Amino acid sequence: MQRSDEEIRALLAGVDAFSRKLVVVSPDYVILGANQFVQDRFKDSVVGKRCYELLHQSDTPCTLCPATQVFSSGSAASVLGDEFVGLDINSCLRALPIQPEGEIKAALVLDLDVPALGGLEAQLQRSNSFLRNLINSSVDGVIAADKTGRIIVFNQAASDISGYDRQHALYELDIRDVYPGEGAKNIMAKLRSEEYGGKGKLKSYPVDVVNKNGDFVPIRLNASIIYENGHEVATIGFFHDMRQALEIRQELHKTQVQLLQAEKMSSLGKLAAGVAHQLNNPLGGIILFSQLILEEYELPEGAIQDLKRILEDAQRSRDIVKELLEFARQTRQEVRPHDLNRAISRTLFLLENQSVFQNIVTKRNLAEDLPPVPADIQQLNHVFMNIILNAAEAMEGRGELRITTFKVPGRDKVAIEISDTGPGIPEEVLPHVFEPFYTTKEQGKGTGLGLSLVYGIVESHRGRIMASNNHEGGAVFRIELPLEQDSDQSDTDEG
Ligand SMILES: Nc1ncnc2c1ncn2[C@@H]1O[C@H](COP(=O)(O)OP(=O)(O)OP(=O)(O)O)[C@@H](O)[C@H]1O
Ligand SMILES: [Mg+2]
C-alpha cells in the first residue's frame with residue numbers, strides 16, 4: 001500500500017497526538033522511533049538507544065518483555081499475567097510485530113493493552129466480589145458506616161440479627177438506629193478512647209442492638225474506626241449474636257435448679273421411708289396394747305367400741321406404713337410375674353387418702369382374668385403413682401380418674417389405661433411430655449422428671465407408653481406390657 005506524503009504526515013501527527021507510549025524497537029532492542037509522548041519525557045533523542053537502558057535502567061533486556069516474545073513467536077504479545085504492572089512510561093504491556101517484508105524487523109511497544117486492561121478489570125471485579133462474598137458469608141453481622149452515620153456495608157448476618165433487609169439498611173438506616181438510645185454515641189466514645197482495646201478499637205464489648213420490631217438483641221461487638229491520612233472516615237463493627245449462648249446458659253441454670261429439686265425430692269423420699277420405718281414400732285405397740293386391754297379387762301360397751309376404733313385406725317396406719325415401705329424400697333430390677341391389678345389397687349390405696357384425692361372419684365375397670373405380667377413391681381408402682389399423681393394435679397383435686405386393665409385381644413400383651421377429666425394435654429405439649437425436665441408447672445412445683453422416669457421403666461420392660469387425650473378432653477395414658485420377657489431374662493430373674 002502506497003501512502004502519500006500528506007497521509008504519512010497526518011498519520012505521524014496522529015501518533016504524536018496519542019498521549020500514551022508508542023515505541024518501535026529492533027530485535028536487538030534499539031529504539032528505531034518513538035512518538036512525541038515518549039520524546040517529551042527525555043532530554044535527548046531516544047532513537048538509537050537501547051530500550052531497556054533508557055526505559056528500565058537495566059544492562060540487560062527485561063525478563064518480562066513483550067517485544068522479546070514478538071521476536072521469538074512472531075505474533076503479538078502481552079505481559080500482564082497475574083502481576084500488576086503500573087501504567088506509566090516505563091511499562092511495556094504489549095508488543096506488536098512490524099513486518100514490512102514478511103520478516104519481523106521491528107516491534108511496536110505500547111504501554112497499554114486493551115485485552116490486558118480487560119483482564120485487569122475482570123480481576124478487579126473478581127477480587128471485589130470475593131471481598132463482598134467474604135463479608136456476606138461472615139457468621140457475625142458486619143455493619144460499616146461512614147462518618148455521617150450512613151450505612152455502607154450491611155451483610156446477611158446483620159440482616160438476620162436486625163431484621164432489616166440490606167436495601168433498606170443501605171438506603172434508609174442510620175448507624176444510630178441500630179443501637180438503643182445514645183448507644184451509637186457511647187460506642188464512638190469508647191472507640192476513640194484508649195481503654196477498650198486501644199485507640200480506634202473496641203474488643204468483645206457486650207451491648208444490645210434494637211431490631212426492626214423494637215426488641216433488644218444482645219450481641220458482642222468488635223469494632224474499629226477506619227482512618228485515611230489520619231482522619232476518621234468510617235467505622236466497622238462485627239456483631240456476634242449472643243441469643244443462643246444466653247439461652248443455653250439460662251437452660252443450664254434451669255436444669256441445675258431442677259436437678260437440685262430432684263435431689264431434694266429423692267432425699268425427701270428417703271426421709272419418708274425412714275419415718276415410716278420408725279412409725280412401725282410405736283404403731284405395733286399401740287395395736288398390741290389395745291388388743292391386750294380388749295382381751296384382759298372387763299370394759300363397758302362404749303369403751304370397747306372406742307378401743308376397737310383405735311385398734312382399727314392403728315391397723316390401717318400400719319398398713320399404710322407397710323405399703324409406703326414396700327413402695328420406697330429400692331432394689332435392683334427384679335422381674336417376676338405380678339398381678340398388675342393388685343399393684344394398681346395398692347397405689348390407689350396409698351393415694352386415695354391424700355388431700356388432693358378428696359374430691360376425686362376413682363373408677364376401676366380391672367379385668368378379672370388378667371394374666372400375670374413379668375415385671376419389677378417396685379418400678380411399676382412408680383409408673384402408676386406418677387401417672388395418677390399427674391392426673392390428680394391436672395384435675396386440681398376434682399374429677400374422675402378411670403383405670404382400665406385388659407389383655408390386648410390376639411396379642412401377648414396387657415394394656416393399662418389411666419384417664420382423667422382434667423383439661424388434657426395441649427397439642428404442643430404432647431410431643432414433649434416424656435422428655436426429662438419437661439414440665440409446664442411453675443418453678444419449684446414440678447421437676448419434669450415424673451414421666452421421663454415412667455418412660456424409662458416401661459422401655460426397660462419392653463413395653464410401650466402413649467399419651468393422648470380422650471374425647472371428653474382429659475388426658476389418657478396407655479401402657480402396654482408384653483406377657484413374655486426375653487427367655488434369658490426370665491431365667492436369671494426368676495431362678
Ligand atoms: N394428666 C395430665 N393432664 C394434663 N397434662 C399432663 C398430664 N400428665 C402430664 N401432663 C403434662 O406433662 C408434663 C410432664 O409431666 P411430668 O410428670 O414428667 O412432670 P411434672 O408433673 O411437671 O413434674 P414432676 O417431676 O413433679 O412429676 C406436665 O408438666 C404436664 O404439662
Ligand atoms: Mg409429674
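Helix α13 gives the most to the shell around ligand 1, with 4 residues; helices here are DSSP runs of H or I of at least four residues, strands are runs of E of at least two, and both are numbered from the N terminus. The model is predicted: local features need pLDDT of at least 70, side-chain atom pairs count only at pLDDT 80 or more, and totals for chains, interfaces and linings use all residues. Residues are numbered from 1 along each chain as its sequence is written, while chains are lettered from A and ligands numbered from 1 in the order in which they are written.

Around ligand 1 there are 22 residues, of which A394, T439, G446, G450 and L451 come nearest (near means that the C-beta atom, placed from the backbone, lies within 6 Å). The elements that give two or more residues to this shell are α13 (377-394) and α14 (450-460).

In α14, the residues G450, L451, V454, I457 and V458 are buried, that is, 20 or more other C-beta atoms lie within 10 Å of their own, with C-beta atoms placed from the backbone. They lie on the same side of α14 because they cover an arc of only 120 degrees around the axis, taken from the directions from the helix axis to the C-beta atoms. An α-helix has 3.6 residues a turn, so residues three or four places apart point the same way. The cover over the buried residues of α14 includes α13, β16 (464-469) and β17 (475-482), counted by contacts, in which C-beta atoms placed from the backbone lie within 7 Å. After α14 comes R462, with a positive phi near 60 degrees.

The chain as a whole has 15 helices and 17 strands. Its C-alpha trace spans about 160 × 60 × 45 Å along the principal axes. Of its 495 residues, 23% count as buried.

Terms used. A residue is buried if 20 or more other C-beta atoms lie within 10 Å of its own, exposed if 12 or fewer, and partly exposed in between; C-beta atoms are placed from the backbone. Two residues are in contact if their C-beta atoms, placed from the backbone, lie within 7 Å.
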